[in-house]
Amino acid sequence: MYNVSVSPHVRAKTSTKSVMRDVAIALVPTLGVGVWQFGWKALMLIAVCVVSAVASEACFEFLIKKPITVFDYSAVVTGLILAVNLPPTATWWMAVLGSAFAIIPVKLMFGGLGQNFMNPALAGRCFLMISFTGRMTDFAVDGMSSATPLAQLKAGESVDLMSLFIGTHPGCIGEVSAIAVLIGFVYLVIRKVITPAIPCTYVLSTIGFLTIIGLFKHDQITANYLLGEVLSGGLLVGAVFMATDYATSPITQKGKIWFGIILGLLTALFRALGSTAEGVSYAIIIGNLLVPLIERVTVPHPFGGEKKITIAHGDKGISAFLPFSPQKKRGGKADE
């Protein structure tokens with residue numbers, strides 16, 4: 001006797017809680033470097049983002065009389081990812097506003113975890129960027145303001161690649177150390193939380209499109225420029241922690257590749273031709289909106305199925321559903 005039930009079927013020991021816990025653990029190195037680099041202000045912003053995200057989710061669900069879901073750690077991860085994208089000069093009330101916007105309008109009002117159409121943390125960052133552009137682009141440390149590596153690259157200057165790799169330059173809290181992000185990437189791949197498809201395709205396509213755009217503009221494309229574009233700003237952290245979000249990224253293998261290529265194209269266009277030096281957040285947000293279309297055109301064809309066949313029998317017809325297996329002809333069309 002078989003106990004048959006409707007999908008989804010549990011086929012692994014992983015759960016939402018365990019996945020979110022692994023993502024939070026993977027974020028520890030990059031956030032730790034941010035605290036080491038920027039001090040107690042960065043630690044305060046991280047704490048405020050997490051507490052605000054959890055409190056927003058709990059309060060909203062309590063008010064609308066829905067089950068409280070904060071114990072799945074998804075709100076914690078949203079708060080941590082938003083903190084990654086904040087400059088150390090941001091204020092505590094900006095962290096509260098960004099967290100509340102990410103959780104309530106973007107996540108919960110669309111049905112909660114898995115129903116949101118864009119990454120909540122990135123939506124919160126874009127909301128803050130539009131509302132408080134000056135504060136969100138102020139990367140002064142200890143009262144001293146200096147150009148970010150991306151701004152230097154856009155101005156045609158070279159950057160210190162070792163500084164970008166270790167994390168001793170101005171920028172957002174969780175974007176300054178490439179090695180810390182890569183440690184988190186390796187951890188998530190080993191834990192099988194993510195696959196390398198989207199991050200690797202995203203980074204490689206960004207390099208390719210930046211090279212193509214530079215050749216059309218007759219710019220001198222150097223290794224320092226391309227590596228600087230990869231190691232600085234939010235490219236690596238966006239590719240590892242935001243573009244791989246389950247709810248807002250494709251589930252098909254071909255879809256993951258096309259998604260990464262689209263993100264690389266948009267990021268290259270924003271960085272090379274846009275008015276600002278960064279563009280990862282907007283690229284991923286736009287890419288999230290295209291995910292349903294990407295999945296629709298990349299869904300794999302079934303190996304078999306049923307087809308309704310009508311057989312003439314006198315003045316009447318007899319209909320039956322018969323199994324068939326599509327096979328490709330030389331012309332490329334399926335033959336039943």
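Predicted model: local features only at pLDDT ≥ 70, side-chain atom pairs only at ≥ 80, totals over all residues.
Local features need pLDDT of at least 70 and side-chain atom pairs 80 or more, while totals for chains, interfaces and linings use all residues. Residues are numbered from 1 along each chain as its sequence is written, and side-chain values use heavy atoms, with hydrogens and water left out.

**Exercise 1.** Work out how the rings of Trp93 and Phe132 are arranged, and which parts of the chain they tie together.

Solution. 
- Start with the rule: rings of Phe, Tyr and Trp (its six-membered ring) pair if their centres lie within 6.5 Å; planes under 30 degrees apart are stacked, over 60 edge-to-face, and the rest tilted.
- The structure holds three such aromatic pairs.
- For Trp93 and Phe132, the centres are 5.3 Å apart and the planes at 80°, so call this pair edge-to-face.
- Now place them: Trp93 sits in helix α4 (residues 92-107) and Phe132 in the loop between α5 and α6, so the pair ties together parts 39 residues apart in sequence. Helices here are DSSP runs (H or I, at least four residues), numbered from the N terminus.

**Exercise 2.** Decide whether Thr206 is buried or exposed, then find what surrounds it.

Solution. 
- Buried means under 20% relative accessible area, exposed over 50%, partly exposed in between (1.4 Å probe, protein chains only).
- Thr206 has 1%, so it's buried.
- Its place is in helix α10 (residues 197-216).
- Skip neighbours within four places in sequence, and Thr206 is in contact (heavy atoms within 4.5 Å) with Leu235, Gly264, Thr267 and Ala268.
- Last, look at Tyr202: its backbone oxygen lies 2.7 Å from a polar atom of the Thr206 side chain.

Technical notes:
Helix = DSSP H or I, 4+ residues; strand = E, 2+ residues; numbered from the N terminus. Polar contact = N/O pair within 3.5 Å; in protein donor to acceptor, adjacent residues only side chain to side chain.
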